[in-house]
Amino acid sequence: PLVAIPTTAGTGSECQSFALIADAKTHMKMACGDRKAAARVAILDPELTLTQPSSVTAHTGIDALTHAIESAVCKSRTPVSSSYSRLAFALLNDGFEGVVKDPGSLACRAKVQLGAAYAGVAIENSMLGAAHAAANPLTAHCGVVHGQAVGVMMPHVIEYNQADPEIRAIYSELYRGDLSLRVLEFLDMLGMAKGISGFGIKEELIHKMAEEAASQWTAEFNPRGIGLEEFKALYNAAM
C-alpha cells in the first residue's frame, strides 16, 4: 500500500489515482491512471510546506484553486465531486490569502493543504476543463510554469463558461462575487502575470496552441462545448 505525504499544496495527487508524464520531444502532458495507483493513506502535515520557495507556494496554490473551480462545473461532475469542490474552494479562498499575508501561519497552510487534497478528491470523482487544456500548450511551447499557465487562463474560461446560466449559478455558489476577478486578485497579490503577452507568444503560435488545446482530453469535459476557434478567442483575450 502507498502512503502519500505531500510537501506542497497544489496537485492533490495524494488523493488521486492519476500520474502525469510529459512527452520528451513535444513536452505535452499525458495522464496515466489506474485505481490501484491511488494512495491508501494521505498524511497532511502543514509544517512540511513551510520550507517551499514562495514561488512554489504561489504556483501550487493557484493550481489547487483552479482544480476546485474546474471540477465544480465540468460535465462529469457528481454530487460527491461537487461537495468536495465547494469545500476545497472555501478552504483555499480563505487559507491561501492568509498564507500570502503570513507565510508562517500553520493554520492557513493547513487550510490550503486540506483544500488542495479535497480538490484532488473532486478531480478523482469528476474531471477538469478548458483552463487546463489551454494551459498545457503554454507550458509545452513557452515553458510557462503550470500554476501560472492555468491561473492566467482561468479568468477567461470562467467568462466563457458563465454564458451558460446553470454554470453561472454554480460559480455564484462557490464565490459570492465576481469569480474571474477573484482569480485575478490572487494572481495580483502573488505577483504573477495576468496576461500571456509577456511569454514571447507570436501570432502564428496562437493557432497552433489552440489546435493542441482543442485536442486535450480535459477540453472534452468543459461544461460548454469548446473547439479551435473558441480556444483562439481565449488566448487572444488573455493576450
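Is Arg-182 buried or exposed? At 8% relative accessibility, Arg-182 counts as buried, because buried means under 20% relative accessible area. This briefing concerns a predicted model. The structure holds ten salt bridges, and by the rule used here there is one cavity of 30 Å³ or more.

- Arg-182 and Glu-185 form a salt bridge through their side chains, with an N to O distance of 3.1 Å.
- Both Arg-182 and Glu-185 belong to helix α7, which covers residues 179-189. They are three residues apart, about one turn of the helix.
- Arg-182 is buried, whereas Glu-185 is partly exposed, with a relative accessible area of 34%.

**Other salt bridges**

- A salt bridge of 3.0 Å, N to O, joins the side chains of Glu-166 and Arg-77.
- This pair links distant parts of the chain, since its members are 89 residues apart. Glu-166 is in helix α6 (residues 165-174), and Arg-77 is in the loop between α1 and α2.
- Glu-166 counts as partly exposed at 48% relative accessibility, and Arg-77 is partly exposed with a relative accessible area of 24%.
- Lys-36 and Asp-34 form a salt bridge in which the closest N and O atoms are 3.3 Å apart.
- Asp-34, with a relative accessible area of 35%, is partly exposed.

**Nonpolar surface patch**

- Val-3, Ile-5, Val-41, Ile-43 and Leu-48 make up a nonpolar patch on the surface. Together they have about 380 Å² of accessible area.
- Val-3 is located in strand β1 (residues 3-4). Its relative accessibility is 44%, so Val-3 counts as partly exposed.

**Largest pocket**

- The largest pocket holds about 470 Å³ of space.
- This pocket is lined by 20 residues, and those closest to its centre are Gln-16, Leu-20, His-67, Leu-128 and His-132.
- Two or more lining residues come from each of β2 (18-22), β3 (29-33), α1 and α4 (130-142).
- The lining of the largest pocket comprises nine nonpolar, nine polar and two charged residues.

**Second largest pocket**

- The second largest pocket has a volume of about 190 Å³.
- Its lining has 14 residues, and Ser-54, Ser-55, Thr-57, Ala-58 and Leu-190 lie nearest its centre.
- The elements α1 and α2 give two or more residues to this lining. With five residues, α1 gives the most.
- The lining of the second largest pocket divides into eight nonpolar, five polar and one charged.

**Largest cavity**

- The largest cavity contains about 60 Å³ of space.
- Its lining consists of Ala-9, Thr-49, Gln-52, Thr-57, Thr-60, Phe-96, Val-99, Arg-109 and Val-112.
- Each of α1 (54-73), α2 (79-101) and α3 (106-124) supplies at least two residues of that lining.
- In the lining of the largest cavity, four residues are nonpolar, four are polar and one is charged.
- Thr-57 is among the residues that line the largest cavity, and Thr-57 is also one of those nearest the centre of the second largest pocket.

Note on methods
Residues numbered from 1 in each chain as written. Predicted model: local features only at pLDDT ≥ 70, side-chain atom pairs only at ≥ 80, totals over all residues. Heavy atoms only, no water. Patch = residues over 30% accessible without salt bridge, like charges linked within 9 Å, V, L, I, M, F, W, Y side chains within 5 Å. Areas by Shrake-Rupley, 256 points an atom, 1.4 Å probe, with all protein chains shown as cover. Salt bridge = Lys/Arg side-chain N within 4 Å of Asp/Glu carboxyl O. Helix = DSSP H or I, 4+ residues; strand = E, 2+ residues; numbered from the N terminus. Buried < 20%, exposed > 50% of the residue type's maximum accessible area, 1.4 Å probe, protein only. 1 Å grid on protein atoms, 1.4 Å probe; cavity = no way out; pocket = protein on both sides within 12 Å on 5 of 7 lines; lining within 4 Å. Points joined across faces, edges and corners; volume = space filled by probe spheres on them. Nonpolar A, V, L, I, M, F, W, Y, C, P; charged D, E, K, R; others polar.
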